[in-house]
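Please read this note alongside the sequence and the model. It is written for someone who has not seen either before.

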Amino acid sequence: MNSLNEQQLEQLLNQPLPSLQPDEFRRDAYEQFCKQQQNRSRVLQLFTMLALACLCYVIPATFVDQAMILFSIMDLSSTKYMLASAMPILMLMIVGYFLLDS
Amino acid sequence: MLSQFIRRFLQDNDQQAFNQLVNACQSQLRGYCRRLTLGDIALADDIAQETLIIVYQQLGELQDPNAYKSWLFRIAYRQYVNSLRANRLETHFNQNQGVSPAEDDAYQPHLHTDNEQLLVTLMQDLSVEQRALITLNSSFGYGHAQIANMLDMPLGTVKSHIQRGKQQMLATSRKLHPGAA
């Protein structure tokens with residue numbers, strides 16, 4: 001085969017692109033789209049859980065702190081205090097686990 | 001016709017209309033992506049799919065439904081350029097980690113027609129911009145000014161890229177077939 005001249009190149013370039021069947025492509029596109037949406041919703045769920053976890057820790061911990069000052073409870077060890085204020089977050093994690101699992 | 005599908009999808013959230021929109025343009029979009037990727041069919045279809053996902057999410061932002069196709073090609077071009085950047089970063093990372101190059105280095109394109117195969121072969125020494133501009137200009141019939149507007153490039157750059165690209169294709173042809181033209 002000889003090399004092309006300018007006119008032959010123009011003719012080659014001006015030819016329409018081949019027609020491609022859509023079936024398989026559309027199925028793939030749909031699957032990829034679903035996968036992306038699923039990943040996005042998982043990330044959103046994770047962040048929501050984290051935000052809720054922070055709220056559920058900070059608010060009860062503040063109450064526990066205030067209650068200790070109010071009732072002058074000074075003999076609670078730091079371990080017990082931590083466990084007491086971590087209870088809500090543990091409960092939330094258990095509920096979250098069952099929700100996501102279902 | 002396309003603007004009707006767009007209107008139906010945006011106003012009535014008609015998924016069937018979006019399917020028809022995809023059907024109407026998928027062949028051109030994939031053909032364009034195959035030129036950009038130098039005939040890498042899998043990568044081209046990935047780019048086309050990612051493009052359509054962006055279209056699905058951002059179709060409401062399209063101000064002029066008549067400019068749908070040029071908007072589509074612009075997104076596809078950007079997607080491909082982004083994938084090249086990501087690939088370059090990955091290659092750089094792999095080199096630093098001592099990982100061997102990807103297995104598909106010995107990739108050979110296998111396209112729909114002999115002409116398409118020949119065109120992709122002639123385009124192998126062109127830059128991404130040149131491949132995109134020549135395809136948009138010659139195969140889809142967009143004018144220089146339209147392409148400049150579509151891809152946010154100066155008009156002079158578009159013209160020179162197309163001219164140099166074609167010269168390069170002729171040079172590649174001479175290199176591959178060193179006979180008289």
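This is a predicted model: local features need pLDDT of at least 70, side-chain atom pairs count only at pLDDT 80 or more; totals for chains, interfaces and linings use all residues.

1. Residues are numbered from 1 along each chain as its sequence is written, and chains are lettered from A and ligands numbered from 1 in the order in which they are written.

2. Helix α1 of chain B spans residues 2–12. Helices here are DSSP runs (H or I, at least four residues), numbered from the N terminus. The buried residues of α1(B) are B:F5, B:I6 and B:F9; buried means that 20 or more other C-beta atoms lie within 10 Å of the residue's own, exposed that 12 or fewer do, with C-beta atoms placed from the backbone. Down the axis of α1(B), these buried residues fall within an arc of 100°, so they line one face of the helix. The arc is taken from the directions from the helix axis to the C-beta atoms. On the other side, B:Q4, B:Q11 and B:D12 are exposed. After α1(B) comes B:N13, with a positive phi near 50°.

3. How do α2(B) and α3(B) cross? Their axes come within 9 Å and cross at roughly 140°. Axes are lines fitted to C-alpha atoms, for helices over the stretch in contact, and angles run from 0 to 180 degrees between N-to-C directions. The two helices are therefore oblique to each other, a term for angles that are not under 35 degrees (roughly parallel), over 145 (roughly antiparallel) or 65 to 115 (roughly perpendicular). The crossing is right-handed, meaning that the near helix is turned clockwise from the far one by less than a right angle.

4. Residues of α2(B) that meet α3(B) include B:F18, B:V22 and B:L29, and among their counterparts in α3(B) are B:I41, B:A44 and B:I47. Contact requires C-beta atoms, placed from the backbone, within 7 Å. By class, this contact has ten nonpolar, one polar and three charged residues.

5. α2(B) also packs with α6(B), residues 128–139: the axes come within 9 Å and cross at roughly 145°. This crossing too is right-handed. B:Y32, B:R35 and B:L36 in α2(B) meet B:V128, B:R131, B:A132 and B:T135 in α6(B).

6. In chain A, A:L17 lies in the loop between α1 (6–14) and α2 (23–70). Is A:L17 buried or exposed? A:L17 is buried, with 21 other C-beta atoms within 10 Å. Leaving aside neighbours within four places in sequence, A:L17 is in contact with B:Q28, B:G31 and B:S139.

Key. Two residues are in contact if their C-beta atoms, placed from the backbone, lie within 7 Å. Ala, Val, Leu, Ile, Met, Phe, Trp, Tyr, Cys and Pro count as nonpolar, Asp, Glu, Lys and Arg as charged, and the others, Gly among them, as polar.
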